[in-house]
Every structure is written in structure tokens, then in C-alpha cells.
Amino acid sequence: MDFDTETAAMIHANEANWDARTPIHLASGFYDVAGRDPRAWFGDFEWADLGPLDGKDLVHLQCHIGAETLAFPPLGARVVGLDISAASVRAAEELAEAKGVAVSYVKGDVHAAVATLGESRFDVVYTGKGALCYVPDLDVWAAQVAGLLRPGGQLYLVEFHPLLNSLSPVPPADGSEELLLRHDYLGGRGAIERDATRTYTDGPELASARVSYEWQHGIGEVVTALVGAGLRITRLRETEQLPWPRWSTMTTTGGWFSLPDSAPRIPLIYAVQAVRA
């Protein structure tokens with residue numbers, strides 16, 4: 001996919017930003033790559049929705065350092081991870097080797113995933129948890145997902161809910177714990193320039209590539225793009241849980257975190273399952 005010059009420059013800036021983030025994330029307590037079980041990044045509902053993976057070909061799009069990707073091979077899947085960042089791919093390869101887990105990692109832009117990985121190659125496409133905000137055009141993305149899947153194959157997207165994005169997925173600078181709408185819920189305003197001097201993990205500031213760009217997408221936009229690509233939606237769920245404590249008042253349930261009973265019950269993550277006919 002050839003984007004206009006401005007959008008292509010933003011995607012290139014994001015690539016450089018993820019290259020710069022990689023060593024910080026590898027060393028962070030947030031990822032804890034040495035000690036955290038990769039399955040801890042998944043909710044119980046994800047495994048129930050995905051079903052048995054034994055013998056299936058699975059690709060994890062926008063996999064970053066592969067902290068989550070490592071959960072799939074022990075379940076019997078043949079796994080490929082795709083990421084735009086060369087530094088992330090190298091880190092993911094080293095992490096998989098250190099853990100003794102077989103994953104094939106490929107550097108590539110998700111907007112050209114079919115050309116990079118091959119058409120109708122996978123039974124499962126998995127993606128999410130902070131990935132779609134780096135996709136400027138969901139129609140292009142959905143077409144790539146559909147092209148990667150074999151007939152009968154499934155997409156499983158698990159993504160931060162637009163409401164969480166509105167509330168801010170990271171604490172505001174003033175440390176406020178209030179549930180206040182701070183950002184757009186819906187997309188349509190174009191690219192959002194972020195000061196990415198500090199990433200969402202612990203660790204030092206970035207030394208370079210301190211600007212990144214994001215695009216907000218509502219759930220309706222996501223579903224419409226998938227249907228337009230010829231996929232059939234089989235599940236849409238919302239959950240109040242997160243794999244990390246965004247607010248200090250959150251309580252843990254099975255390793256994931258929820259707001260206390262005294263707070264409004266609101267969705268923080270959503271999941272879409274879709275099948276190629």
C-alpha cells in the first residue's frame with residue numbers, strides 16, 4: 001500500500017520510535033521478560049474464544065518484542081510474528097531463543113502483510129492491545145487481514161476500548177485518578193502527534209525519535225472495515241478488565257485488574273472475532 005507522502009512519513013516516524021523504545025521495554029519491569037509468564041498478558045476469555053490452537057498456523061501482527069507471541073507455540077500452534085521495527089524483531093528473536101520457544105519473526109509493515117508473509121497462509125490472525133492506533137487506514141488493514149487468512153480462518157482482535165483511550169490509557173501529568181473524558185472516543189480527526197519522550201513503561205527517556213503518531217478508531221469503524229473486507233463477525237465482547245493497573249484503586253482478579261465495585265462498571269478492552277467465509 002502506497003500512502004501519501006505525509007502519512008508515509010508518520011509511519012516511518014513510528015518505526016523509528018519503536019526502534020528507540022525496544023531496549024527500554026526489554027529492560028522494563030512492566031514487561032518483565034525474564035519473569036512474567038507470557039500467558040499473563042491474555043484474559044481467560046481470549047483462550048475460550050480462540051479455542052484449540054494445536055496444529056494451526058497463527059500470525060501475531062504488530063507483535064513488538066514478542067512478549068505475548070511466546071504464549072502461542074506451547075499450545076501447539078506454528079507461529080509467525082510480524083513487526084515494523086527491526087530492533088523489535090531482533091529482540092523478539094533473541095527472547096524466543098532464550099526461552100526455547102519456536103517463533104518465526106519477520107520485519108514488515110502490517111499494511112503490506114500479505115506481500116510480506118503470503119496469501120491465505122494462516123488459520124488465525126491475532127492482533128491488538130495497542131496496535132490499531134498505529135494504523136491510519138482500517139480498510140487497508142482489514143483487507144490485509146482477510147488476505148492472510150485461509151477460508152474458514154479467524155481473526156481475533158483484542159484491543160483497548162475507545163472509552164479507555166478517552167479516559168487516557170496512561171495517567172495524566174497531574175496524577176489525577178478521576179474518570180474524566182480527556183481524549184476523543186471516535187476517530188475522524190486524522191493523525192494525533194504524540195510526545196513519546198517517555199513510553200508507557202518504566203525506564204529512561206528516549207534519546208531520539210521522540211515523536212509518534214496515532215489514529216483513533218471507534219468500534220463501529222473497526223467492524224465496518226472488517227465486514228467490508230468480506231469477513232463475518234462472529235463475536236464482539238467488552239470487558240472491564242486490563243492486564244495492568246491503570247488506576248491505583250484497581251483490584252486484581254486472576255492476574256488482570258478491574259476498578260473497584262464502588263466505581264462505574266465500564267469497558268476497558270474489547271474483542272472482535274471474525275471469520276473468512
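The model is predicted: local features need pLDDT of at least 70, side-chain atom pairs count only at pLDDT 80 or more, and totals for chains, interfaces and linings use all residues. Residues are numbered from 1 along each chain as its sequence is written, and side-chain values use heavy atoms, with hydrogens and water left out. Helices (H or I, at least four residues) and strands (E, at least two) are DSSP runs, numbered from the N terminus.

**Nonpolar cores**

- A nonpolar core is a set of buried Ala, Val, Leu, Ile, Met, Phe, Trp, Tyr and Cys residues joined through side-chain atoms within 4.5 Å; buried means under 20% relative accessible area, exposed over 50%, and partly exposed in between (1.4 Å probe, protein chains only).
- The largest nonpolar core has 45 residues, of which L53, F72, Y105 and L242 touch the most other members.
- Elements giving two or more residues to this core include α2 (44–50), α3 (86–99) and β4 (122–128).
- Helix α3 provides the largest share of this core, five residues.
- Another core, of 29 residues, lies apart from it and includes V80, V135, L148 and I219.

**Helix α7**

- In helix α7 (residues 219–228), the buried residues are I219, V222, A225 and L226.
- These residues fall within an arc of 130° seen down the axis of α7, so they line one face of the helix; the arc is that of the directions from the helix axis to the C-beta atoms.
- T224 and G228 are exposed on the other side of α7.
- Among the elements covering the buried residues of α7 are α5 (138–148) and β8 (231–239), where contact means heavy atoms within 4.5 Å.

**Strands β2 and β3**

- Strands β2 (residues 78–83) and β3 (residues 104–107) pair in the parallel sense over four bridges; pairing requires that DSSP finds at least two bridges between two strands.
- Y105 in β3 is the bridge partner of G81.

**Aromatic pairs**

- The whole structure holds 16 aromatic pairs, meaning rings of Phe, Tyr and Trp (its six-membered ring) with centres within 6.5 Å; planes under 30 degrees apart count as stacked, over 60 as edge-to-face and the rest as tilted.
- The ring centres of W18 and Y134 are 5.4 Å apart and their planes are at 80°, so this pair is edge-to-face.
- W18 in helix α1 (residues 5–27) and Y134 in the loop between β4 and α5 are 116 residues apart, and both are buried.
- For F42 and Y126, the ring centres are 5.5 Å apart and the planes are at 40°, so the pair is tilted.
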